[in-house]
Amino acid sequence: MGYVPHTEQDRAEMLATIGADSIETLFQDIPSEFQLDRPLNIPHSLDEYGLYRYLGSLAALNEDSGKLTCFLGAGSYDHYIPASVGTALSRGEFLTSYTPYQPELSQGYLQTIYEFQSMICAIYGMDVANASMYDAATALAEAAFLAHAATDRKKVVASKGIHPHYRQVVRTMCWAGGLDYVEVGPDEAPSLDGAACFLFQYPDFFGIIRDARAWTKAAHDAGALAISCSDPIAMGALKPPGEYGVDIVVGEGQPLGSPMGFGGPCLGLFTVKEKFVRRIPGRVVGITKDMDGKRGFVMTLRTREQDIRREKATSNICTNQALIALAATVYMTAVGKTGLRQVSEGCIRNAHYLADRLTHIPGLRLKYPDEKFAFEFVLELPKPAAAIRDVLMQKGILAGLPLDEHYSGMDNCLLVCATEVRTKEEMDRYAEALREVSA
């Protein structure tokens, strides 16, 4: 009650108005064992200076991430972020009213979303993008539900080459929505009879560049939608999924100007072919003219459970990652088309250099030596990957992701990533450290 700006007289008048003799009466229906009318086992309050000292002591327990060289990817990536991103995010032009329902007060907010949508469409080779989703996992699940609504089929088929966390979310959403969820091996030809869609990742979770054209054709031959989850940075060097005829392309936008941030916040990208625009989840911002003929931006579509469509809504996603989408917009503007290609090629070049160095170490080899890969690759080790990862952590190296937790039979497999920011010296140091611990 210490933070409630009401006097005792205010509270007495409110209680009298509603017919309660005390505040405790308002909570009398709560079982006594759940009521907070007993001393709580929490520390005493601190003043501002004491609180800063306490938080500083907690922060001192953390590892200094600046001393760790990152070769960990698996969905969150260490890319260079231009200084212009942070500068633009803090400018007043972008700090207009959050809610976009009053466009006259939100032009800066709406314009950045419109530009974000346009650039994401260009990256993926698609027709329409929404204002963003929470992350790639929710975007992929929403794509599956869009396919169900568009085809009136209940079977969702997903490749195990998709990020394990994304598949967990899709599986849970399908269970909750009464859809049948089926998984196939990462290089397995899917059986799509009666399927609403086929979900695949391009490049996949292991970094392998799969045949998106063949999978798209297989889905269309079965009357299903082809849905790709694609890294936007990789599109700087690879042909975008839209050129293969993919119906829906989603992805994780964290690589576009956001730090790894210990796993968040993230940014879900969502694009479709134009024929699905009325089924797209979330928000879509459009461009128009005002009564004076000047260019303006407005909310064009929003499919929300909270809005008038209610049970007819195709999604209950009710917002978007506006700040992270703004960071992505500034990043894409800063690097441009040529810069995006340079970043992508830098990642590929470093990943292949590192893979070559590591596979010259006795006992180490690529899990998929005959496959083309982009930024990541699976390394087979002579010892359990988790043990080697822990030793290298003590040497200041984030070595990668052990895969045994997510895939059976991969106890000695490590998913390694090298982005454009890794230097030759850092990669050589990693190779030498791994040579020592794997001997």
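**View 1. Strands β6 and β7 side by side in a predicted model.** Strand β6 (residues 225–229) runs parallel to strand β7 (residues 248–252), and three bridges join the pair. Here strands (E, at least two residues) and helices (H or I, at least four) are DSSP runs numbered from the N terminus, and two strands pair if DSSP finds at least two bridges between them. Look for cysteine 229, which stands opposite valine 250 in β7. This is a predicted model, with local features needing pLDDT of at least 70 and side-chain atom pairs counting only at pLDDT 80 or more, while totals for chains, interfaces and linings use all residues. Residues are numbered from 1 along each chain as its sequence is written, and side-chain values use heavy atoms, leaving out hydrogens and water.

View 2. Seven strands with mixed pairing line up as β2-β8-β7-β6-β5-β3-β4. At the edges sit β2 (128–129) and β4 (180–184), each pairing on one side only. Helix α6 (residues 136–151) packs on the sheet and touches β3 (155–159), β5 (195–201), β6, β7 and β8 (268–272), at about 175 degrees to β6. Helix α8 (residues 212–221) lies across β3, β5 and β6, at about 170 degrees to β5. Contact means heavy atoms within 4.5 Å; axes are lines fitted to C-alpha atoms, for helices over the stretch in contact, and angles run from 0 to 180 degrees between N-to-C directions.

**View 3. The largest cavity.** About 210 Å³ of space lies in the largest cavity. On a 1 Å grid over the protein atoms alone, a cavity is a set of points where a 1.4 Å probe fits but cannot get out, a pocket is an open set with protein on both sides within 12 Å along at least five of seven lines, and lining residues have an atom within 4 Å of a point. Grid points are joined across faces, edges and corners, and a volume is the space filled by probe spheres set on the points. Of the 21 lining residues, Tyr77, Gln201, Pro203, Asp231 and Glu376 lie nearest the centre.

**View 4. The largest pocket.** This pocket has a volume of about 1100 Å³. It is lined by 44 residues, with Leu72, Ser76, Met260, Phe262 and Gly263 closest to its centre. Helix α7 gives the largest share of the lining, four residues.

**View 5. The second largest pocket.** Its volume is about 350 Å³. Among its 14 lining residues, Ala122, Ile123, Met235, Lys337 and Leu340 lie nearest the centre. Helix α9 gives the most, with six residues.
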